[in-house]
Amino acid sequence: MVGITETVLRDGHQSLIATRMRTRDMLPAAERLDAIGYRSLEVWGGATFDVCLRFLREDPWERLRLLKRAMPRTPLQMLLRGQNLVGYRHYADDLVRKFVAESARQGIDIFRVFDALNDPRNMEVALAAVKKSGARAQATICYTQSPVHTLEAFVQLGHRLAEMGADELCVKDMAGFLPPAEGASLVRALRTEVGLPVVVHTHSASGMSTLTCLAVAEAGATAVDAALSPFAGGASQPPTETLVGAMRGTSLDPKLPLDALGDLAAYFGTVMDRYRPLLNLRSLQTDPGILTHQIPGGMLSNLLSQLAEQDAFDRLAEVLVEVPRVRADLGYPPLVTPTSQIVGIQAVINVLTGARYRQVTQEVRDYVRGLYGTPPAPIDPELYRTVTASSPAITGRPADLLAPEMTKAIAEVRALVPAADEAEALSYALFPAVYRSYRSAVDRGLTVDVLTAAALGVVGALRTAPAPPAGPASSMEGLGRMSPWAHEGRARLHSQRRWVDATARRTRR
């Protein structure tokens with residue numbers, strides 16, 4: 001029997017509609033999700049924390065509490081970026097420990113902990129905190145392909161994570177290019193040589209994910225990730241119903257009720273209808289090119305956005321060639337947040353300036369200096385010399401350079417909100433500027449319901465307004481039925497650079 005981790009409440013909508021599903025659209029399905037019999041429900045982490053505060057004006061902690069109350073039987077799971085937590089920089093150890101403890105207290109049962117470089121040092125404090133909280137520590141191996149990412153290397157990493165106290169392992173295929181046979185070999189090796197349960201997470205962008213999920217299940221995977229069909233496919237996970245149907249009646253049968261899954265899919269179909277203006281069709285398309293360039297869907301969207309801003313969309317083919325070259329220069333990091341953005345932005349700059357590394361981003365400089373951790377392979381010697389000539393590299397664990405942050409965060413947030421608790425202090429510590437904007441909106445009464453009502457009122461007025469007189473083409477031409485409100489939302493999505501934390505450079509020093 002293979003378990004299913006359902007991702008519709010986290011990665012499913014993060015992959016397809018930029019994490020915009022609101023809590024109020026999740027809760028009506030919560031009781032039915034809880035009754036299905038999933039191994040776990042992924043509901044938190046990744047980009048959800050940031051987006052709740054920044055765009056939805058929701059309290060992410062309240063979302064977690066409400067979901068836990070509505071789904072008490074099924075373990076709730078979150079994605080934790082190791083020392084980065086749910087942000088885009090390294091945070092101090094005291095903040096990591098407090099965040100994990102509070103997340104477990106408010107409802108997280110399983111923490112999927114990963115690091116973009118597969119550097120165990122960036123996972124050790126988080127994993128220890130998970131163990132101390134009594135939750136399940138699911139340590140993650142970010143799958144990628146390169147000359148140094150061999151089966152033996154992945155197994156060695158699995159051993160190290162087991163020694164650090166992991167309860168189980170996750171093979172995280174961020175872009176969806178893990179071949180079925182290779183996935184099966186990796187799962188068998190980890191199960192046999194490390195001895196821990198193995199969960200496999202993949203994406204459907206290359207078209208292989210369903211085949212891979214079946215292959216790893218037959219090889220002994222404990223569970224696989226899937227999303228209910230309205231939020232499945234493309235940049236998301238394979239459909240839950242498809243996998244359950246494919247394994248039905250076999251020794252792998254997850255024994256989940258297809259009729260109940262169909263009812264849930266119907267509900268989430270209506271949810272998707274409400275968010276459809278945010279859905280970029282490219283996110284649903286199969287792209288076998290991923291098998292060669294290894295670029296995840298979210299990273300590709302960012303590349304397209306950057307090129308569009310520079311009126312250089314026709315340079316995409318050059319950028320797709322440059323990305324693997326930059327990745328090789330940087331020691332073959334897996335392409336996952338934040339390394340995917342670090343590699344992608346530098347590749348775009350290299351192409352548009354016409355000279356490789358004529359301009360080097362601050363993020364690449366920090367990476368080369370070791371502030372993100374140890375790369376899987378040595379960095380290009382010339383690039384290394386160029387960067388470290390003015391700023392020396394570090395050899396220790398990056399977080400060892402950071403002073404404690406929690407006490408300062410509590411003092412600062414209570415200057416804004418005198419009754420703020422530790423959860424609010426954590427929100428402030430992770431995203432100070434975003435939290436200030438969120439609190440300002442809340443204090444002015446700009447709640448989710450108020451913002452939505454105002455937006456719908458504007459849209460309704462625009463829809464009933466008389467047609468504009470004939471003349472020059474409108475800036476809205478070609479948008480079809482998309483409302484101006486939805487168009488603005490999509491434009492903001494494409495222009496936001498959410499991986500850049502305005503405070504990162506100040507706090508990293």
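I started with the count: the chain has 23 helices and eight strands. Helices (H or I, at least four residues) and strands (E, at least two) are DSSP runs here, numbered from the N terminus. I kept in mind that this is a predicted model, where local features need pLDDT of at least 70 and side-chain atom pairs count only at pLDDT 80 or more, while totals for chains, interfaces and linings use all residues. Residues are numbered from 1 along each chain as its sequence is written, and side-chain values use heavy atoms, with hydrogens and water left out.

Next, burial. Of the 509 residues, 58% count as buried, buried being under 20% relative accessible area, exposed over 50% and partly exposed in between (1.4 Å probe, protein chains only). I also looked up contacts, meaning heavy atoms within 4.5 Å. Among those between residues at least 6 apart in sequence, 77% join residues at least 24 apart.

**Helix α11**

I checked the length of α11, residues 258-275. Its 18 residues at 1.5 Å a residue should span 26 Å, and the end C-alpha atoms are 25 Å apart, which agrees. The expected span is 1.5 Å times one less than the number of residues.

Which residues of α11 are buried? I listed Leu261, Leu264, Ala265, Tyr267, Phe268, Gly269, Val271, Met272 and Tyr275. An α-helix has 3.6 residues a turn, so residues three or four places apart point the same way. The partners of the buried residues of α11 are α1 (11-17), α2 (23-36) and α10 (240-247).

**α8 against α9**

I then took the pair α8 (residues 180-194) and α9 (residues 209-218), which pack at an angle of about 30° with axes 8 Å apart. That makes α8 roughly parallel to α9. For the record, angles under 35 degrees count as roughly parallel, over 145 as roughly antiparallel, 65 to 115 as roughly perpendicular and the rest as oblique. Axes are lines fitted to C-alpha atoms, for helices over the stretch in contact, and angles run from 0 to 180 degrees between N-to-C directions.

At the contact, Pro180, Gly183, Ala184 and Val187 of α8 meet Leu211, Thr212, Ala215 and Val216 of α9. I sorted the residues of this contact into six nonpolar, two polar and no charged. Ala, Val, Leu, Ile, Met, Phe, Trp, Tyr, Cys and Pro count as nonpolar, Asp, Glu, Lys and Arg as charged, and the others, Gly among them, as polar.

**Loop residues**

His149 sits in the loop between β5 (136-142) and α7 (151-163). Is His149 buried or exposed? His149 is buried, with a relative accessible area of 11%. Leaving out residues up to four places away in sequence, I found that His149 touches Thr144, Phe154, Arg327, Tyr332, Pro334 and Pro376. His149 and Tyr332 are 183 residues apart in sequence, yet 8.6 Å apart C-alpha to C-alpha.

Tyr332 is partly exposed at 23% relative accessible area, and its phi is near 55°, a positive value in a residue other than glycine. Pro338 is in the loop between α14 (316-329) and α15 (339-353), and the peptide bond from Thr337 to Pro338 is cis, with omega near 5°.

Last one: Leu278, in the loop between α11 and α12 (290-293). Leu278 is buried at 18%, and its C-alpha is 8.3 Å from that of Leu16, 262 residues apart along the chain.
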